[in-house]
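Here are a few notes from going through the model, jotted down as numbered points. Have the structure open as you read.

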Amino acid sequence: MDFGLVLQTDPPASAVVELMRRAERNGFGYGWTFDSAVLWQEPFVIYSQILARTERLIVGPMVTNPSTRTWEVTASTFATLNEMYGNRTVCGIGRGDSALRVAGRKPNTLARLGEAIDAIRELAEGREAVVDGSPMHIPWIEDSRLPVWMAAYGPKALALAGQKADGFILQLADPFLTEWMVKAVRTAAAEAGRDPGAVTICVAAPAYVGDDLAHAREQCRWFGGMVGNHVADLVSRYGDHSGAVPESLTAYIKERQGYDYAHHGRSGNPDTAFVPDEIVDRFCLLGPAEAHIEKLERLRALGVDQFAVYAMHDAKERTLDVYGERVIPVLTG
């Protein structure tokens, strides 16, 4: 199992770079950031600094979208980083949530997302692609490689991930839901004539190492609100009891009142009071190192290839260090 670190690009950018360096020293192989230009600093500028100051870390957004930047700009940016630092990038992508909604725009359709996945990968690897109806090729790209991993929850999005993406990003760490969604992705891959085992599975969720469970829950409750934002879209599309999405994912948002992106992804988010302890425990990894290892072993048995640690809490350094000393050695074996 690989490990990643996920951060917001809050200023100062130097702090993000230093945490990524600490992650690499502790055995993490991936460095991810949010990508929302209004809420945080521009991630691709920071990626260049992370890559320059690390040796092996692979970096990318969790997640970008097809609309904030044009597809050729996204592809060229990744390819430039690859040329400078040796194919150490990955493109996490989704329909777009905070980046678009906070700017007054709607998330992309799945059809447009599917087109973007193909075009960005093709362009970034030096091949021709169709962008907005026009053939396009970036002639200076030679040996760039760009895996594209897609974030998804709902049945149609999971199917698209299986059909087109090199990896699947699931932003929660509940074993039951992980098993259900991984099966949906791999089934769609097989039906599309792809090798289902070739789709990398990445679970991303907050991990908080410490013995004070009540405090850990409060530091990570924001995550249930963030996931609930996506779940609310699914409920509006499919209904509460459609069977299209497991009720264990949708039931908890009944008391949800709304969402203010000013607090997006931050501990103490006042819009997450509706999230019960049970959801925090299911979706996150909390407690002593042994509890993390136990849950990660269950996820690995379900086919999870990477666990990406959301570290938006007050124990970033301790969690990274404990993972490096006690968790990663067990899971990488």
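1. A quick word on terms before the rings: two rings of Phe, Tyr or Trp (its six-membered ring) pair if their centres lie within 6.5 Å, and planes over 60 degrees apart count as edge-to-face. Counted that way, there are 15 aromatic pairs here. Bear in mind that this is a predicted model.

2. Take F3 and Y323 to begin with. Their ring centres sit 6.1 Å apart with the planes at 75°, so this pair is edge-to-face. The two come from distant parts of the chain, 320 residues apart: F3 belongs to strand β1 (residues 2-7) and Y323 to helix α12 (residues 316-332). Both F3 and Y323 are buried.

3. Another edge-to-face pair is F34 with W40, at 5.2 Å centre to centre and 80° between the planes. Are these two buried or exposed? F34 has 4% relative accessibility, so it counts as buried, and W40 is buried too, at 5%. Ring pairs also tie F34 and W40 into a cluster with W222, F223 and Y310.

4. Now the core. The largest nonpolar core has 114 residues, and F307 and Y323 are the ones with the most contacts inside it. Helix α8 (residues 213-238) supplies the largest share of this core, ten residues.

5. What does F307 touch? Leaving aside residues up to four places away in sequence, its contacts include M1, D2, F3 and G4, then V203, A205 and A207, and also L285, L296 and Y323. So you can look for both members of the F3 and Y323 ring pair among the contacts of F307.

6. Helix α8 gives the most, six residues. By class, the lining has 18 nonpolar, twelve polar and seven charged residues.

7. The second largest pocket holds about 190 Å³ of space. Of its 15 lining residues, Q8, D10, A311, M312 and K316 are the closest to the centre. Which helix gives the most to this lining? That is α1 (residues 13-25), with three residues. Sorted by class, the lining has eight nonpolar, four polar and three charged residues.

Notes
Residues are numbered from 1 along each chain as its sequence is written. This is a predicted model: local features need pLDDT of at least 70, side-chain atom pairs count only at pLDDT 80 or more; totals for chains, interfaces and linings use all residues. Side-chain values use heavy atoms; hydrogens and water are left out. A nonpolar core is a set of buried Ala, Val, Leu, Ile, Met, Phe, Trp, Tyr and Cys residues joined through side-chain atoms within 4.5 Å. Buried means under 20% relative accessible area, exposed over 50%, partly exposed in between (1.4 Å probe, protein chains only). Helices (H or I, at least four residues) and strands (E, at least two) are DSSP runs, numbered from the N terminus. Contact means heavy atoms within 4.5 Å. Rings of Phe, Tyr and Trp (its six-membered ring) pair if their centres lie within 6.5 Å; planes under 30 degrees apart count as stacked, over 60 as edge-to-face and the rest as tilted. Ala, Val, Leu, Ile, Met, Phe, Trp, Tyr, Cys and Pro count as nonpolar, Asp, Glu, Lys and Arg as charged, and the others, Gly among them, as polar. On a 1 Å grid over the protein atoms alone, a cavity is a set of points where a 1.4 Å probe fits but cannot get out, and a pocket is an open set with protein on both sides within 12 Å along at least five of seven lines; lining residues have an atom within 4 Å of a point. Grid points are joined across faces, edges and corners, and a volume is the space filled by probe spheres set on the points.
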